Amino acid sequence: MKRAVLTVKETKRDNNAGPKAKMDIEKFLVDNGFVKWNFTINQKSILQKARIAYLDIPNFFNKNENQKIDEVFLQYPTYSKIVTKQLIKRLKKLNSKVFLIVHDVESLRLHYGEENYIREELDMFNLVDGLIIHNERMAQWLKENGVNVPMESLKVFDYDNPNPLVNNDEYRKSVCFAGNLTKAGFLQNLSLKEVSLNIFGPNPADKYGQNISYQGQYSPEDLSNHLNDNFGLVWDGTTPTTCDGIFGNYMKYNNPHKVSLYLSSGIPVIIWRKAALSKFIEENNLGIVVDSLTELDEVLSKMSLSRYEKLSKNVRDVSQKLRKGFFIEKAIQNLENKVSGER
């Protein structure tokens with residue numbers, strides 16, 4: 001069976017982790033024998049998007065119409081609705097199975113509650129043969145809102161990380177946080193007494209609370225070389241007492257990519273209890289879940305060294321799977337089995 005992975009890439013690339021999840025999946029699948037298909041898009045140019053949709057895509061598929069591909073996995077979203085629609089339309093003409101690897105459901109993120117947008121996006125999902133989505137909570141929401149094609153949960157994003165694992169032999173009650181600090185307003189409202197928090201990323205504030213230290217900005221490929229704390233924090237919004245706002249709400253449904261950064265680096269995770277991924281962290285004993293960051297001083301002070309060592313061992317074990325693309329390959333296999341079983 002011949003399979004292809006199709007990725008639409010951005011022309012602009014800076015020190016943010018946005019494209020890394022797609023690039024990692026592409027790498028893991030190509031290493032596993034997939035054909036690589038690419039388009040490059042300029043998000044700011046409507047004219048260029050139209051040219052890709054109505055000229056480049058037809059020309060590409062005219063050239064490849066004699067290449068028999070049994071299954072195509074399109075990484076979604078593509079930064080353009082017209083490009084996505086044209087890709088699905090042309091892919092269906094190949095008589096190939098068409099699947100989406102869903103990185104973000106915009107109906108749950110930037111367009112949450114917008115009925116027209118939600119209907120359009122979910123109708124598009126129903127045009128393909130199946131979806132790889134983040135987790136069961138996301139799958140449940142999609143089913144409840146009308147998506148009826150087969151779905152398979154990824155469980156957690158794989159992460160290509162060739163850097164050495166963090167050495168966590170010493171328990172210091174230290175935590176790291178990596179991300180766009182513009183979206184991390186909670187950090188300016190947090191002070192810690194027993195725990196130290198080291199933060200990384202662009203757009204730092206002028207001042208942070210007690211025991212919170214800014215450590216700079218690094219590329220996604222280099223960042224894990226600078227992480228050496230006991231835990232990695234996954235939180236979003238304006239307040240340390242809960243995850244709020246658009247991105248805080250999105251955590252109830254998505255798999256934050258920074259979880260994979262921490263786990264692939266050998267770092268146990270601290271995550272909001274209401275986050276969809278908290279179940280995976282708890283069930284696999286890969287970190288701790290909390291309702292509020294005001295719990296950190298007490299929870300980390302009471303943690304025994306033996307429990308921390310067990311967490312670290314579990315994380316090191318799962319890190320090897322993340323670094324090899326285990327979860328995307330397993331999800332694809334399970335989805336293929338579901339689809340073939342329906343015939």
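The dialogue below goes through several features of this predicted model, from the whole chain to single residues.

Q: How many helices and strands are in the chain?
A: Helices (H or I, at least four residues) and strands (E, at least two) are DSSP runs, numbered from the N terminus. The chain here has eleven helices and twelve strands.

Q: What does the radius of gyration say about the chain?
A: The radius of gyration is taken over C-alpha atoms, and the globule rule is 2.2 Å times the number of residues to the power 0.38. For 343 residues, a compact globule would have a value near 20 Å, and the chain agrees with this at 21 Å. Taken along the principal axes, the C-alpha atoms fill a box of roughly 65 × 35 × 35 Å.

Q: Which residues count as buried or exposed?
A: Buried means under 20% relative accessible area, exposed over 50%, and partly exposed in between (1.4 Å probe, protein chains only). Of the 343 residues of the chain, 55% count as buried. Pro-162, in the loop between strand S6 (151–153) and strand S7 (174–178), is exposed because its relative accessible area is 69%.

Q: How many salt bridges are found in the whole structure?
A: A salt bridge is a side-chain nitrogen of Lys or Arg within 4 Å of a carboxyl oxygen of Asp or Glu, and a search of the whole structure finds 17 of them. One of these joins Glu-26 and Lys-9, whose closest N and O atoms are 3.2 Å apart. This pair links distant parts of the chain, with Glu-26 in helix H1 (residues 20–31) and Lys-9 in strand S1 (residues 3–10), 17 residues apart. Glu-26 is buried, because its relative accessible area is 6%.

Q: Where do Arg-273 and Asp-291 lie?
A: The side chains of Arg-273 and Asp-291 meet in a salt bridge at 3.2 Å, N to O. Arg-273 lies in the loop between strand S11 (269–272) and H8, and Asp-291 in the loop between strand S12 (287–290) and helix H9 (296–302). Arg-273 is partly exposed at 36%, and Asp-291 is partly exposed at 37% relative accessibility.

Q: Which residues form the positive surface patch?
A: Patches are made of residues with over 30% relative accessible area and no salt bridge, like charges being joined within 9 Å and nonpolar side chains (Val, Leu, Ile, Met, Phe, Trp, Tyr) within 5 Å. Lys and Arg count as positive. The patch here is formed by Arg-137, Lys-252, Lys-274 and Lys-279. Lys-279 lies in helix H8 (residues 278–283) and counts as exposed because its relative accessibility is 51%.

Note on methods: Residues numbered from 1 in each chain as written. Predicted model: local features only at pLDDT ≥ 70, side-chain atom pairs only at ≥ 80, totals over all residues. Heavy atoms only, no water. Areas by Shrake-Rupley, 256 points an atom, 1.4 Å probe, with all protein chains shown as cover. Charge placed at Lys NZ, Arg CZ, Asp CG, Glu CD.
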